[in-house]
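Subject: Structure handover

Hello,

Here is the structure we talked about handing over. My notes follow below it.

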Amino acid sequence: MSALDVGWATAEAWRSDAHRVLADDRLPPVGAPLAGICDACGRADGFHPVQHAADTREGLHCRACGCMARQRAVARVLTECLDGASSRCVYLTEQASPLYIALRRRFPATIGSEYVSRRWRRLRLMLWLWRHGVLQRIRHGDVTRLRDADASLDAVASLDVLEHVPDATAAFRELARVLRPGGWLVATVPFYQDAAVSARIASLDPRGDIVFHAPPEYHGDPLGGGVVCFHHFGWDLPALLTGAGFSSAHLRYVRDPARGLPHGIWVLVARR
Ligand SMILES: [Zn+2]
């Protein structure tokens, strides 16, 4: 069975499998390196040890390319969605990142961006990218207002971005607009597997000020500082995507100990 066949579009479908699926999760050993092949770069150099066993999502960086577990899980699903065809045009909502560098090797037409409007910050990121051998400018990208033409992309990959967009539905519609029919959205968000519906924990008032509806939550930004989280996504997420122009959507629980993924990672997969 293709791994694409494994996934759940509703809370009911997930609940009937949850016990069996979660029973196979393993926490990585603390302080000990993990062997395996990286789905982002293809190398078999193994993975850096975690400092906390629960660090199954943001840790286990590949020793060769530096991609963390959730980046490798997205690379795996994306490659499978695109049948590994190197001519495909992928848009990644990050650019100064090891995943962007790894994806460009696999899909040379890959484009990226960062949500950074300040020029000096883009310059700093550009220097990072140059040091890693990619001589490009950093593109500023807002997932609710992309510069890409309609139906121009084969896939969009977005990692832990959508929960920071106040109007997530506007972002879903925009991502559907730029994808060609049959194109793929592969994304990670902090996903609440026990929640039937998503919760809006913050919003913007008419003046653009943030209003919190729950204890404020700030996520670490690799560019520095904390970013407000607006949404806790639950099992209505696939329906939110189909309501925004996608033809189908589901969530996959990506796990493969031989690939440095001993504990499942939720990956959203939606087809235009
Ligand atoms: Zn790697």
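The zinc ion sits in a tetrahedral site, the angles among its four donor atoms running from 107 to 114°. Ideal angles for four tetrahedral donors are 109.5 degrees. Please keep in mind throughout that this is a predicted model.

Zinc site

The donors are the SG atoms of Cys38, Cys41, Cys62 and Cys65, and they coordinate the zinc ion at 2.3 Å. Along the sequence these donor residues follow the spacing C-x2-C-x20-C-x2-C. Cys38 and Cys65 both belong to the loop between α1 (11-22) and α2 (69-81), so this pair ties together parts that are 27 residues apart in sequence. Cys38 is buried, and Cys65 is buried as well.

Salt bridges

The search of the whole structure gave 17 salt bridges. I describe some of them here.

Arg70 and Glu58 meet through their side chains in a salt bridge, at 2.8 Å from N to O. Arg70 is in helix α2 whereas Glu58 is in the loop between α1 and α2, so the contact ties together parts that are twelve residues apart in sequence. Arg70 has a relative accessible area of 10% and is therefore buried, the limit for buried being under 20%. Glu58, with a relative accessible area of 33%, is partly exposed.

In helix α1, Asp17 and Arg20 lie three residues apart, about one turn of the helix. They form a salt bridge in which the closest N and O atoms are 3.5 Å apart. Asp17 counts as partly exposed at 22% relative accessibility, while Arg20 is exposed with a relative accessible area of 55%.

A salt bridge also links the side chains of Asp45 and Arg43, at 3.0 Å from N to O. Asp45 has a relative accessible area of 35%, so it is partly exposed. Arg43 counts as partly exposed too, at 45% relative accessibility.

Aromatic residues

There are eleven aromatic pairs in the structure. One of them is Trp8 with Trp14, an edge-to-face pair with 4.9 Å from centre to centre and 75° between the planes. The angle of 75° makes this pair edge-to-face because planes over 60 degrees apart are counted that way. Trp8 and Trp14 are both buried. They also belong to one aromatic cluster, together with Phe191, Trp235, Tyr253 and Trp266.

Surface patch

Which residues make the nonpolar surface patch of about 360 Å²? They are Leu204, Ile210, Phe212 and Tyr218. Of these, Tyr218 is placed in strand β8 (residues 218-220).

Asp83 is in the loop between α2 and β1 (90-92), and at 67% relative accessibility it counts as exposed. The place of Ala151 is the loop between α4 (119-131) and β3 (153-159). Ala151 is partly exposed, its relative accessible area being 40%.

Regards

Technical notes:
Residues are numbered from 1 along each chain as its sequence is written. This is a predicted model: local features need pLDDT of at least 70, side-chain atom pairs count only at pLDDT 80 or more; totals for chains, interfaces and linings use all residues. Side-chain values use heavy atoms; hydrogens and water are left out. Rings of Phe, Tyr and Trp (its six-membered ring) pair if their centres lie within 6.5 Å; planes under 30 degrees apart count as stacked, over 60 as edge-to-face and the rest as tilted. Buried means under 20% relative accessible area, exposed over 50%, partly exposed in between (1.4 Å probe, protein chains only). Patches are made of residues with over 30% relative accessible area and no salt bridge: like charges are joined within 9 Å, nonpolar side chains (Val, Leu, Ile, Met, Phe, Trp, Tyr) within 5 Å. Accessible areas come from the Shrake-Rupley method with a 1.4 Å probe; for residues, only the protein chains shown count as cover. A salt bridge is a side-chain nitrogen of Lys or Arg within 4 Å of a carboxyl oxygen of Asp or Glu. Helices (H or I, at least four residues) and strands (E, at least two) are DSSP runs, numbered from the N terminus. Donors are N, O and S atoms within 2.8 Å of the metal (3.2 Å for Na, K and Ca); water is not among the atoms, so sites may look incomplete. Four donors count as tetrahedral if all angles lie between 85 and 135 degrees; four count as square planar and six as octahedral if opposite donors are over 155 degrees apart and all others between 65 and 115; anything else is irregular.
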